[in-house]
Amino acid sequence: MKNLISIDQFSAREIFEKIIPGCIRMIPGARKAQSGRYKLPDFRERKLTIFSVEPSTRTIDSYMEASGLLGWSDHRTPPPDNTSLMKNESWAETARTWAIQGAGVIAMRTKIEGVQKFLAEILERDGFNVSIQNCGDGEHEHPSQTFLDLVTIKQEKGRLKNLVIGFLGDLRFGRTVHSLVKALSLAPNISLRLVSTREMTLPEYYLKNFKGEVRCGEEMELLADCDVIYATRIQAERFPSEVQYAIEKAKAKYRLDEEALSLFKADAIVMHPLPHANGISPKAILDKRVVVHKQSWYGIPTRMYLLNRGYANRFKKESLGRVFQGKLKIVREENLKDYLKKRRKKKNHTRFGRIDNGTVIDHLPLDFGAKIRNILEKSGFLNEKSATQTNEDVPSTSMGRKDVLVLENVFLTNEMMISIASFAPGSTFNVIGKGRFRKLVLDKTGSIEEIGKCPNMNCITNHDPEAFTKFIPLGGGNIECHYCERKFKNSEII
Ligand code: NCD
């Protein structure tokens with residue numbers, strides 16, 4: 001691990017055999033160092049930069065405490081209103097500046113999703129040796145919280161397998177739940193109980209790799225057989241204001257008081273990422289099953305481990321997310337003269353406008369012609385010399401109806417052709433020029449880059465001029481944003 005961006009980065013082995021035991025090994029040192037009985041080696045030249053756009057009491061402060069105990073110097077950046085982000089400086093430029101100022105690790109919490117992944121990639125590309133750690137990005141993920149949650153379960157229940165784990169509250173916007181469910185999908189024999197109101201259910205996507213039993217419901221009785229109950233705060237700030245009634249209803253319904261606790265097993269533990277914001281009654285918090293303050297303390301040794309790991313690996317190259325290197329293949333190639341001679345004899349060719357130099361994108365699905373043309377214009381492939389013709393809704397033997405884009409004097413890069421063909425499967429490219437005619441088709445699907453716009457307005461690609469869109473094709477006309485990980489129909493992005 002160099003960066004800590006999302007639980008998707010890790011295998012079961014890495015989490016359960018390396019990271020969690022590593023965090024647990026930090027516990028005695030953290031305890032002794034905090035009580036002043038022990039001084040860990042001083043590494044003042046190691047520098048942590050911490051930045052938070054959203055409020056934080058535990059995550060950011062425990063990163064500071066962890067770095068202090070490790071003998072690092074830390075630098076908490078001013079509130080976002082006092083940074084040059086307010087003067088429209090980009091995220092990429094801001095992070096480059098922190099790296100120039102000597103940060104070995106940058107821990108950051110943002111409202112925008114995918115910022116940390118984007119910065120980790122761009123800083124590595126630019127040759128900065130920095131570990132980026134995600135302290136929460138919008139409603140997406142909060143992976144360091146997951147590690148401290150797993151440490152808590154291991155310490156308090158003695159195992160990270162054969163458990164019934166219940167989640168309660170706002171499972172839709174609770175990013176700690178999203179990351180923890182992903183990690184539990186890698187643990188053996190876990191059953192889940194998901195208790196929430198209709199408006200706050202867990203997005204299905206987070207369960208995609210979960211193999212155990214899942215029971216969902218609105219009533220807390222569903223938690224009666226749980227070994228671990230993970231309660232969450234209703235994330236009122238992320239809901240549209242029209243559903244205020246639903247927020248108030250859920251807050252009242254899921255408040256943990258003595259009566260609620262009486263439903264749980266005698267040896268269950270009750271966890272909460274905090275703040276509970278009056279979601280746990282003053283009496284209930286004294287119940288010995290409620291381990292929320294221990295859990296919060298485990299954030300310190302956990303982050304000590306994560307800081308050391310990130311710092312030690314900061315020179316490494318790390319690929320974040322699935323690598324989708326697409327490929328094209330040439331299915332026809334001939335001398336241009338021969339091609340033109342044959343073409344002259346074919347009558348139906350006139351329909352699409354003949355060119356002797358340039359690219360014809362054929363077999364585009366209906367409606368895609370004009371849209372792809374716009375994209376090419378925006379990304380600078382078309383200029384005043386390029387005459388284009390968009391043939392919409394024309395007959396096709398293989399597709400019924402299709403769009404065809406004729407681009408005179410225009411040549412696309414392989415990357416762009418791969419992106420277009422991965423986005424619009426079946427499309428073909430006739431490339432006419434330099435004395436050759438070549439027909440290219442997709443051989444291997446690749447990621448779809450610099451095409452369209454992520455419909456999630458909270459995604460980094462809508463907030464930084466250097467963050468170009470990148471979508472991963474999922475098949476069946478579905479795609480996933482590489483940065484915010486939301487799923488869309490491919491027609492939704494153009
Ligand atoms: C949570 C967060 O910010 O995601 N808290 C935390 O980091 N421990 C939960 C919340 O805000 O409700």
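**Exercise 1. The ligand and its contacts**

How far is an oxygen atom of the ligand from an N or O atom in the side chain of Gln235? Describe the surroundings of the ligand as well.

*Solution.* The model is predicted: local features need pLDDT of at least 70, side-chain atom pairs count only at pLDDT 80 or more, and totals for chains, interfaces and linings use all residues. Residues are numbered from 1 along each chain as its sequence is written, and side-chain values use heavy atoms, with hydrogens and water left out.

Step 1. The distance for Gln235 is 2.7 Å. A polar contact is a pair of N or O atoms within 3.5 Å; within protein, one must be able to donate a hydrogen and the other to accept it, and residues adjacent in sequence count only if both atoms are side-chain atoms.

Step 2. For His142, an N or O atom of the side chain is 2.8 Å from an oxygen atom of the ligand. For Thr59, a polar side-chain atom lies 2.9 Å from a ligand oxygen atom.

Step 3. On its own the ligand has 320 Å² of accessible area, and the protein covers 93% of it (Shrake-Rupley method, 1.4 Å probe; for residues, only the protein chains shown count as cover).

Step 4. Other residues around the ligand include Arg109, Arg175, Arg233 and Leu274 (a residue is near if one of its heavy atoms lies within 4 Å). The shell holds 3 nonpolar, 5 polar and 3 charged residues.

**Exercise 2. Domains**

From which domains does the shell around the ligand draw at least three residues each?

*Solution.* Step 1. The chain is divided into domain 1 (7-142 + 299-312), domain 2 (156-292), domain 3 (327-446) and domain 4 (460-493), with bounds from an automatic or database domain assignment.

Step 2. Domain 1 and domain 2 each give the shell at least three residues.

Step 3. The centres of domain 2 and domain 3, taken over C-alpha atoms, are separated by 53 Å.

**Exercise 3. The largest pocket**

Which residues lie nearest the centre of the largest pocket?

*Solution.* Step 1. A pocket is found on a 1 Å grid over the protein atoms alone, as an open set of points with protein on both sides within 12 Å along at least five of seven lines; lining residues have an atom within 4 Å of a point.

Step 2. Glu121, Ser447, Glu449, Lys470 and Tyr483 lie nearest the centre, within a lining of 32 residues. Two or more lining residues come from each of α5 (115-125) and α13 (414-423), helices being DSSP runs (H or I) of at least four residues, numbered from the N terminus.

Step 3. The lining divides into 11 nonpolar, 11 polar and 10 charged residues.

Methods:
Nonpolar A, V, L, I, M, F, W, Y, C, P; charged D, E, K, R; others polar. 1 Å grid on protein atoms, 1.4 Å probe; cavity = no way out; pocket = protein on both sides within 12 Å on 5 of 7 lines; lining within 4 Å.
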